[in-house]
Amino acid sequence: TDADGRRRFRLELRTGSTEFLPGTRTATWGANGSYLGPTLRARRGDRVAVDVTNRLPETTSIHWHGMHLPARMDGGPHQPIARDATWQPYWTVDQPAATLWYHPHLHQVTAPHVYRGVAGMFLVDDPATDDLPLPKRYGVDDVPLIVQDKKIADDGTLDESKMTFGGLTVTGLLGDKILVNGTYDPRFEVTTELVRLRLLNASNARIYHVGFADDREFALIAMDAGLLGAPERVGRLPLSPGERAEIVVRFAPGDDVVLKSFPPPLRANVAYERLAGGDDEHDLVKFVAVDPLRPSPALPAVLTSTPAPPPTTGEEFRLTMGDFTFNGRTMEMDRLDRVVGAGTVERWDVVNGQSIPHNFHVHGASFHVLDVDGGAPPAHLRGVKDTVYVAPGSTVGLAVSFLPHSDPRSPYMFHCHLLAHEDSGMMGQFVTV
Ligand code: C2O
Ligand code: CU
Ligand code: CU
């Protein structure tokens, strides 16, 4: 805490090198280290300030994905941080407990900057849900899992050749090596009966389908923007880039089980399924449980009381994803695509008019998924979210709740979070007034 009573964080973005594979070093970028960045953590009501110093060889930005803050603190393409400059955003944390993250967001270079390693988690706590008997010892039974795929050449360099889409890639780079928290082939020692995993898909393009090798079920307790009303039992969880989920898993003494990604349900045609990684299977983390395990309190039956979609108060807006465009247009820094009322709730229908998988993320808001192709959303889409998968040919109906901050001059972004698509212009901007 600084002299003004603010909780102050420092991020220094820098280059470095990391030994992902034994015996080879990979040139990487990170925040306060050579790969990824520290987990930042703040409580609802905290006044937060961050000093972000850019020691990278080029201009970048740092966006607070999912954070409720004014647009000029958002860290998108309009808040570049030049080489050796320090950007100092500040805001008051005012949202429910959630697993958020930060990453670069400069127009047209988000994919390489994230891929080289600039990203980290930002956890928000809320006094209103602090007392829930959920696993909460960081690194012991409350564990962040930042999941990323990489292509690493034999000499250890990061292969960025398919960073942009084109040729035979339709989604951008898909790597064959999975890193979790920057570690290849990780193992976690379980010491408690219940473990809460905070999953973040921080990959450029890969869509995961998370589950255990022995098909055990687990409790889904939170999605992108916060806790569900009640835990949902599931055995598989699709997660597209930018999405988060919190799950609680029960282990038995001596368990030895792998958290995997199964072939994801992309709902694309056969050719695009394959090109977009729809056939791929990967091990994520191996869990090995000690014997005996420390007892954990039972999961509460009710988590929060406010999961219902709010009634829409604003207009309706239809966004069709076309040829890497929204409504036929690619991103332009000085064009606004929409003006919304501060604090309003609009129905947005996001249509994937292509055969290629996309997803949809909106800044300055969180949303409920009202329907998918006119039907009720599946269990994993019933929480409050900010990013959602949009399968080829499908339409996702959202109730988007915009933040109360109004600023006619600073836009928020909406975009596909497959980073090659975003960089190629599949992004638009709106202001809240
Ligand atoms: Cu995670 Cu606009 O981004
Ligand atoms: Cu974002
Ligand atoms: Cu896309």
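Author: Let us begin with one residue, Ser 34. Ser 34 counts as partly exposed, because 19 C-beta neighbours lie inside 10 Å, and a residue is buried if 20 or more do. Keep in mind that this is a predicted model.

Reader: Where is Ser 34 found?

Author: Ser 34 is in the loop between strand 2 (24-31) and strand 3 (40-43).

Reader: And what does Ser 34 touch, not counting residues up to four places away in sequence?

Author: Ser 34 touches Gly 16, Ser 17, Thr 18 and Thr 28. Gln 95, on the other hand, is 61 residues apart from Ser 34 in sequence and 31 Å apart in space, C-alpha to C-alpha.

Reader: OK, zooming out. How many helices and strands does the protein chain have?

Author: The protein chain has three helices and 30 strands. Its radius of gyration is 20 Å, close to the 22 Å that the globule rule gives for 433 residues, so the chain is as compact as a globular protein of that length.

Reader: What box do the C-alpha atoms fill?

Author: Roughly 60 × 55 × 50 Å, taken along the principal axes. Of the 433 residues, 48% count as buried. Among contacts with a separation of 6 or more, 78% come from residues 24 or more positions apart.

Reader: Which domains is the chain divided into?

Author: Domain 1 covers 7-127, domain 2 covers 142-294 and domain 3 covers 316-432. The centres of domain 1 and domain 3, taken over C-alpha atoms, are separated by 22 Å. Their contact takes 15 residues from domain 1 and 16 residues from domain 3.

Reader: What classes of residue are on the domain 1 side of that contact?

Author: Six nonpolar, seven polar and two charged residues make up the side of domain 1 that touches domain 3.

Reader: What does UniProt list here?

Author: An unreviewed UniProt entry lists "domain: Plastocyanin-like" for residues 15-128 and 312-433. In the model, residues 15-128 are 5% helix and 41% strand, with the end C-alpha atoms 40 Å apart. Residues 312-433 are 4% helix and 43% strand, and there the end C-alpha atoms are 17 Å apart.

Reader: Now the inside. How many residues are in the largest nonpolar core?

Author: The largest nonpolar core has 118 residues. Those with the most contacts inside it are Leu 145, Ile 146, Val 147, Leu 199, Ile 221, Ile 247 and Val 400. Strand 16 (residues 218-223) gives the most to this core, with six residues. As a general point, nonpolar side chains tend to be buried together in soluble globular proteins.

Reader: Take Val 147. Leaving aside neighbours within four places in sequence, what is it in contact with?

Author: The contacts of Val 147 include Ile 178, Val 180, Leu 199, Leu 200 and Leu 284. Asn 201, Ala 202, Ser 203 and Tyr 208 are also in contact with Val 147.

Reader: What about phi at Asp 185 and Asp 373?

Author: Asp 185 has a positive phi of about 55 degrees although it is not a glycine. Asp 373, also not a glycine, has a positive phi of about 50 degrees.

Reader: Where do those two lie?

Author: Asp 185 lies in the loop between strand 12 (183-184) and strand 13 (187-192), and is partly exposed, with 15 other C-beta atoms within 10 Å. Asp 373 lies in the loop between strand 26 (365-372) and strand 27 (387-390), and counts as exposed, with 11 C-beta neighbours inside 10 Å.

How values were computed. Residues numbered from 1 in each chain as written. Chains lettered and ligands numbered in written order. Predicted model: local features only at pLDDT ≥ 70, side-chain atom pairs only at ≥ 80, totals over all residues. Core = buried A, V, L, I, M, F, W, Y, C linked by C-beta atoms within 7 Å. Buried ≥ 20, exposed ≤ 12 C-beta atoms within 10 Å, placed from the backbone. Contact = placed C-beta atoms within 7 Å. UniProt positions renumbered as here; feature names shortened; annotations may be inferred. Domains from an automatic or database assignment. Nonpolar A, V, L, I, M, F, W, Y, C, P; charged D, E, K, R; others polar. Rg over C-alpha atoms; globule rule 2.2 N^0.38 Å.
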